[in-house]
Amino acid sequence: MNVKIAPSILTADIGRLAEEIAAAETAGVDWIHLDVMDGHFVPNITIGPLVASAVRSATRLPIDAHLMIEAPDRHIAAFQAAGVDLLTVHVEVCPHLHRTIEAIRESGAKAGVALNPATSVESIRGILPYIDLVLVMSVNPGFGGQKFIGGSLSKIRQVREMLDDGGFSDVELQVDGGVAVPTIRDVVEAGASVVVAGSAVYNKNASVAENVRLLRKALT
Ligand code: DX5
Ligand code: ZN
């Protein structure tokens, strides 16, 4: 199955970040996913433009930043300047979503919108003509290593149908949270074109190369 794998560096060894990213690139992943958290929209605090810039220096792969932050408009320019290729904002914190998406695109980056597990698919129908990616969260955002929420599969199918029926098949459908060997196949069959995998790629059980191989194998 033809799907892009985007490792989240959340569970990587941050002290060896460049090596961890190089290992994923060598293993043949497609994008690098950055989980940006502000301690307000989600309980956790993670990385900002400074680390995004270090990631940019470590890889030629496309970088997508998943902004789990309030008032994301304030930080678009800084992440774009850091070399991030695609910025995804949460619909739950964007009262003027179209304006935010336009600002991202005007900065030169691609734009995505993310939906929390309890957020309706309908909330993104009107923005589809203006975006490059929809991110369906399959855990509540905030932490790596959580259990995949089974009900996300029907939501992924709904978004896939909405994209294809509306003539937006070029828009990427990214799924994030709990994607691992037992779940990746169902997620892709439901319609994902990009999967984020954090703890399934960066863990203590096996090397990054072996973990990426296992994810690909689960899709054959
Ligand atoms: C959750 C993040 C995810 C997550 C992925 O808030 O957006 O990217 O860290 O990690 P796993 O694959 O371990 O669920
Ligand atoms: Zn994420």
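Here is a short tour of the two largest pockets and the ligand, stop by stop. Keep in mind that you're looking at a predicted model.

**Stop 1: the ligand.** Select ligand 1 and zoom in. Where does ligand 1 sit? You'll find ligand 1 in the largest pocket. Now show the residues around ligand 1: there are 20 of them, and the closest are Asp35, Gly142, Asp176, Gly198 and Ser199.

**Stop 2: the polar contacts.** Stay with ligand 1 and pick out Asp35. A polar atom of the Asp35 side chain is 2.7 Å from an oxygen atom of the ligand. Next, click on Gly145, where a backbone N or O atom lies 2.8 Å from a ligand oxygen. Then go to Gly198: here a polar backbone atom is 2.8 Å from an oxygen atom of ligand 1. Ligand 1 taken alone exposes 380 Å², and the protein buries 99% of that.

**Stop 3: the shell by strand.** Colour the strands β2 (32-37), β3 (63-68) and β8 (194-197).

**Stop 4: the largest pocket.** Hide ligand 1 for a moment and look at the space that holds it. The largest pocket has a volume of about 290 Å³. Its lining runs to 29 residues, and those closest to the centre are Gly144, Gly145, Asp176, Gly177 and Gly178. By type, the lining is made up of 14 nonpolar, 12 polar and three charged residues.

**Stop 5: the second largest pocket.** Last, move to the pocket of about 160 Å³. Select Val36, Met37, Asp38, Ile69 and His75, the closest to its centre among the 14 residues that line it. This lining splits into eight nonpolar, three polar and three charged residues.

Key: Residues are numbered from 1 along each chain as its sequence is written. Chains are lettered from A and ligands numbered from 1 in the order in which they are written. This is a predicted model: local features need pLDDT of at least 70, side-chain atom pairs count only at pLDDT 80 or more; totals for chains, interfaces and linings use all residues. Side-chain values use heavy atoms; hydrogens and water are left out. On a 1 Å grid over the protein atoms alone, a cavity is a set of points where a 1.4 Å probe fits but cannot get out, and a pocket is an open set with protein on both sides within 12 Å along at least five of seven lines; lining residues have an atom within 4 Å of a point. Grid points are joined across faces, edges and corners, and a volume is the space filled by probe spheres set on the points. Helices (H or I, at least four residues) and strands (E, at least two) are DSSP runs, numbered from the N terminus. Ala, Val, Leu, Ile, Met, Phe, Trp, Tyr, Cys and Pro count as nonpolar, Asp, Glu, Lys and Arg as charged, and the others, Gly among them, as polar. A residue is near a molecule or strand if one of its heavy atoms lies within 4 Å of it. A polar contact is a pair of N or O atoms within 3.5 Å; within protein, one must be able to donate a hydrogen and the other to accept it, and residues adjacent in sequence count only if both atoms are side-chain atoms. Accessible areas come from the Shrake-Rupley method with a 1.4 Å probe; for residues, only the protein chains shown count as cover. A molecule sits in a cavity or pocket if more than half of its atoms lie within 2 Å of its grid points.
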